[in-house]
Amino acid sequence: MYPTFSRSTDKRRVSRGRVSVTATYVSSNLTLEGSVTDVSAEGLFFSSEYLDSQGELARLRVYLPSQTEPLELRGEVRWVNDSPMGAGMGIRLLDVSLEERVLLASLPGILDGTQATSKPVGHA
């Protein structure tokens, strides 16, 4: 008997994690309120009832509970899912600093409490 191998169709270079954080999407066409439900150091999934076009450039403000100010990001819509059970846009992030990449990659662990934040919260 020969071993069976499954071939993944996922072509991402970095792993993604499930999250649920409020976000705002702003392009030349739309301003949307929604949520980020999937994130990595290179991209995210912006969940929203309304969708923009593939290739659109946008600014995103991601509201993290551990930060006093939203995380400001730029990105490009790479794909659009108009399914009623998961509408949203896959966004490739552009010009992301190393600090922002580290924060995004660790976000799932920070939000579920398995990883501590490196920045203090609040004032002494």
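The legends below describe close-up views of one predicted model.

**Basis of all views.** Local features are given where pLDDT is at least 70, side-chain atom pairs count only at pLDDT 80 or more, and totals for chains, interfaces and linings use all residues of this predicted model. Residues are numbered from 1 along each chain as its sequence is written, and side-chain values use heavy atoms, with hydrogens and water left out.

**View 1. The chain and its elements.** Read from the N terminus, the order is β-β-β-β-β-β-α. Of the 124 residues in the chain, 40% are buried; buried means under 20% relative accessible area, exposed over 50%, and partly exposed in between (1.4 Å probe, protein chains only). The accessible surface comes to about 8500 Å², and 50% of this area belongs to carbon and sulfur atoms. Such areas come from the Shrake-Rupley method with a 1.4 Å probe, and for residues only the protein chains shown count as cover. Among contacts with a separation of 6 or more, 51% are between residues 24 or more positions apart; a contact means heavy atoms within 4.5 Å.

**View 2. The largest nonpolar core.** This core has 24 residues, and those that touch the most other members are Tyr-25, Val-36, Leu-44, Phe-46, Val-62, Leu-73 and Ile-91. A nonpolar core is a set of buried Ala, Val, Leu, Ile, Met, Phe, Trp, Tyr and Cys residues joined through side-chain atoms within 4.5 Å. Two or more residues come from each of β1 (17–27), β2 (31–39), β3 (43–47), β4 (57–62), β5 (71–81), β6 (88–94) and α1 (98–111). Leaving aside residues up to four places away in sequence, Leu-73 touches Leu-44, Ala-58, Arg-59, Leu-60, Val-62, Leu-93, Glu-100 and Leu-104.

**View 3. Strand β3 and its partners.** Four of the five residues of β3 are buried, so this strand is largely enclosed by the rest of the structure. β3 pairs with β2 in the antiparallel sense over four bridges, two strands being paired if DSSP finds at least two bridges between them. A hairpin of three residues joins β2 to β3, and Val-39 has Leu-44 in β3 as its bridge partner. β3 and β6 also run antiparallel, joined by five bridges. In this pairing Ser-47 stands opposite Gly-88 of β6. In a regular strand, side chains alternate between the two faces of the sheet.

**View 4. Aromatic pairs.** The structure has two aromatic pairs. Rings of Phe, Tyr and Trp (its six-membered ring) pair if their centres lie within 6.5 Å; planes under 30 degrees apart count as stacked, over 60 as edge-to-face and the rest as tilted. The ring centres of Tyr-25 and Phe-46 are 5.6 Å apart with the planes at 35°, so this pair is tilted. Tyr-25 lies in strand β1 and Phe-46 in strand β3, 21 residues apart, and the pair links these distant parts of the chain. Tyr-25 is buried at 0% relative accessibility, and Phe-46 is buried with a relative accessible area of 0%. Phe-45 and Trp-79 form a stacked pair, at 5.4 Å centre to centre and 25° between the planes. Phe-45 is in strand β3 and Trp-79 in strand β5, so the pair ties together parts 34 residues apart in sequence. Phe-45 is buried at 11% relative accessibility, whereas Trp-79 is partly exposed at 38%.

**View 5. The salt bridge of Arg-74 and Asp-95.** The structure has three salt bridges, each defined as a side-chain nitrogen of Lys or Arg within 4 Å of a carboxyl oxygen of Asp or Glu. In the bridge between Arg-74 and Asp-95, the closest N and O atoms are 2.7 Å apart. Arg-74 lies in strand β5 and Asp-95 in the loop between β6 and α1, so the pair ties together parts that are 21 residues apart in sequence. Arg-74 is partly exposed at 29% relative accessible area, and Asp-95 is exposed at 65%.

**View 6. The network around Glu-76.** Glu-76 forms a salt bridge with Arg-92, the closest N and O atoms being 2.6 Å apart. The pair links distant parts of the chain, with Arg-92 in strand β6 and Glu-76 in strand β5, 16 residues apart. Salt bridges with shared partners join Glu-76, Arg-78 and Arg-92 into one network. Between Arg-78 and Glu-76 the closest N and O atoms are 3.8 Å apart. Glu-76 is buried at 16% relative accessibility, while Arg-78 is partly exposed at 43% and Arg-92 is partly exposed at 38%.
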